[in-house]
Amino acid sequence: MKIKTRFPKLILFFVVLLTTLSMLSPLTNVKAAEKTYQIATDITFAPFEFQDTSGEFVGIDMDLVAAIAKDQGFKYEIKPLGFNAAVQALESKQVDAVIAGMSITDERKIKFNFSDPYFDSGIIMAVSEGNDDVSSYNDLKGKKVAVKTGTEGASFAESIKDKYGFSIVTFDDSANMYEDVKTGNSVAVFDDYPVLAYGIKQGNGLKSVTDKEAGASYGFAVSKGENAELLEMFNTGLANLKASGEYQKIMDKYLETGSNTAATEDTGFFGLLKESMPSLMTGLKMTLILTVVSLIIATIVGIVFGLMRIAKSRLLSTIAMIYIDIFRGTPLIVQAFFIYFGIPAAFDFRITAFVAGLITLSLNAGAYMAEIVRGGIQSVDKGQMEAARSLGLPYGKAMLKVVLPQAIQLMIPAFINQFVITLKDTSILSIIGINELTQSGKIIIARNLESFQMWIIVGIIYFIVIMILTKVSNVLERRIKNGKA
Amino acid sequence: MAKLNVTNLKKSYGSLEVLKSIDMQVQEGEVVCLIGPSGSGKSTLLRCLNMLEEVTSGEVVVNAQKLTDKNTDINKVRENIGMVFQHFNLFPNLNVLGNITLAPVELKKASKEQAKEKALQLLERVGLKDKASENPARLSGGQKQRVAIARALAMNPDIMLFDEPTSALDPEMVGEVLNVIKQLAQEGMTMVIVTHEMGFAREVADRVIFMDGGYIVEEGTPQEIFGNPQNERTQDFLNKVL
């Protein structure tokens, strides 16, 4: 009995604790990082960047940057955002540079300055292991081919699709793209040679069927007109590494046959579970922090705008209505992109993905909370406000002491519902590179390519957490009702 | 000067005029009962006396303060006008004591201890001292209304407004509430009471006002109105209810 009653309070306590801790840490980071270059990268581009089993980012790009930084003596921080987000972040000057196995193209040269090429890539085509029907481009007629958005493989596929008569399906990360081929939705995939070769070596269930098409080269990019000194250091460092033989060592480490397969890979469900748990728990912590902090802010925002919505002043209620309509009338993902990339680019400032995510979720949930608050207040008997006002209480005091306490009770079920929705919505923030639970899952899959089992694990974690929270909320709700009714 | 003075008061909801040029005065210590058929405007008139209803035109002056003037602090005026509602409107989020002490404490009329002490005195007066820590939902209708009266009295008002205080009660509980109101009348409280209890009006009122169709049709002492009504509509109404 005692354990039961203490349980919700304990959870609350932890959540508040975690929240405070994480609120403090990013602030201190920003201040200490004045001369630290922010370098964005992809999260799922093995062998150039991926997380090893201990959660460290490794790969050709990572090792290269580390070696060059050491050689040239600059400080940097890696921001694993995903390829598209990294490119957008560089465009909007959220970061100083991007290294993400990015091909040097004329189109990109318009906006970015590239270093000397540090890797010569090429495109190969791969099909499912058991597929013996497709062995050349000619076999693709009328079929679907998977590519990753913005990659060289995608532009190559685009350039030959009319000639060979196939259609293109695009994906945002390699793991999903390979999965699409394995499940047979697409018959083949075009991808950069090193990536595909690494994936095949990892046992992704594909095989390569064509020779390497000579492709463009990879470069390290900065925004046009910015960070010229960083670009110069990169070039000098790269030349030094090539001269000293360290460059070749890094290449051999990732591209030599059998180098990584030696690592123990326990791909059984429970082996996978055990191996991925630490990363997933870190992700879960972020998910919970985002949910709780944004809901606290959303509650305050919701009360303010909910009150404005029912205010006598037409101006106030119109402002509230516009806010509510905008945030309920657009997708969360668009709001996240707008707040993280759009606004900072337009007004030339930086915010961290965490802050942008928090703002997005708070404003989004706030709009729904405002409607919940409005509904709650309006369902309190009008006589309550009249009785309070007849005693001489001003509107604000009557609202705060009499109407709101009753409204909140009526709002609890809708509030719990919003809590669950917001918790699930945090997964959308993986798109701007926040390392919450879904993103943790994506990162792990990028390494081990076990998407089926990993998404089951991630799904189960969400399910369990939401079930626990729902039960705890129900107990709280019953207690509040019993205490007051 | 009269304690309460209403001049040429009009009130419309859209195109529907519910009060049509009302003139009314209430003297200090006077008990006025408003009677009349449903929809005659009695409750609306009562609610205009503390501005729970916005007045369309005309003047309401209470204690020499013009309520219909935009510059008047209506909250301050309301502190001196207690109101009791048909449906009690007790605050379900507070217990009995909390209901009574909320306004005095929030408006800094008394410390928490003083307010509590006063509340207990008032509860004793309405015969509910043992219910101080009770939840309003657990009280009977008559008990609720007596708590509501105590809540209004906690602000030390010099005028009390009653809006059909016994209409929502089971018959056996009407008496206990009327007794409390009678006691207040005997103590000299200025009161305006909207009621359907004709016997009560006859007993407690110094003056009875009969309203119909948004007008004051007839007014006088209980003896005049109940014993010898002059207006045909008053006669009609009384024939139906008595």
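1. First, a term: a polar contact is a pair of N or O atoms within 3.5 Å; within protein, one must be able to donate a hydrogen and the other to accept it, and residues adjacent in sequence count only if both atoms are side-chain atoms. By that rule, eight residue pairs (both at pLDDT 80 or more) are in polar contact across the interface of chain B and chain A.

2. Some ground rules. This is a predicted model, where local features need pLDDT of at least 70 and side-chain atom pairs count only at pLDDT 80 or more, while totals for chains, interfaces and linings use all residues. Residues are numbered from 1 along each chain as its sequence is written, chains are lettered from A and ligands numbered from 1 in the order in which they are written, and side-chain values use heavy atoms, with hydrogens and water left out.

3. Now the interface itself. Chain B brings 24 residues to the contact and chain A brings 20 (contact means heavy atoms within 4.5 Å). About 1,900 Å² is buried between the two chains, with 55% of that from carbon and sulfur atoms; buried area is the accessible area (1.4 Å probe) that two parts lose on being put together, summed over both. On the chain B side, Phe91(B), Asn93(B) and Glu106(B) supply 28% of the area buried against chain A, more than any other three residues.

4. What about charges? The rule finds three salt bridges across the interface of chain B and chain A, a salt bridge being a side-chain nitrogen of Lys or Arg within 4 Å of a carboxyl oxygen of Asp or Glu. Arg47(B) forms a salt bridge with Glu386(A), their closest N and O atoms lying 2.6 Å apart.

5. Over all chains, the search turns up 25 salt bridges. Within chain A, Lys148(A) pairs with Asp42(A) at 3.1 Å, N to O. Lys148(A) sits in strand β8 (residues 144-148) and Asp42(A) in the loop between β1 (36-41) and β2 (50-51), so this pair ties together parts 106 residues apart in sequence. Strands (E, at least two) and helices (H or I, at least four residues) are DSSP runs, numbered from the N terminus.

6. Finally, a helix pair: α2 (residues 60-72) and α8 (residues 228-244) of chain A pack at about 100°, axes 9 Å apart. That makes α2(A) roughly perpendicular to α8(A) (65 to 115 degrees). Axes are lines fitted to C-alpha atoms, for helices over the stretch in contact, and angles run from 0 to 180 degrees between N-to-C directions.

Note on methods
Angles under 35 degrees count as roughly parallel, over 145 as roughly antiparallel, 65 to 115 as roughly perpendicular and the rest as oblique.
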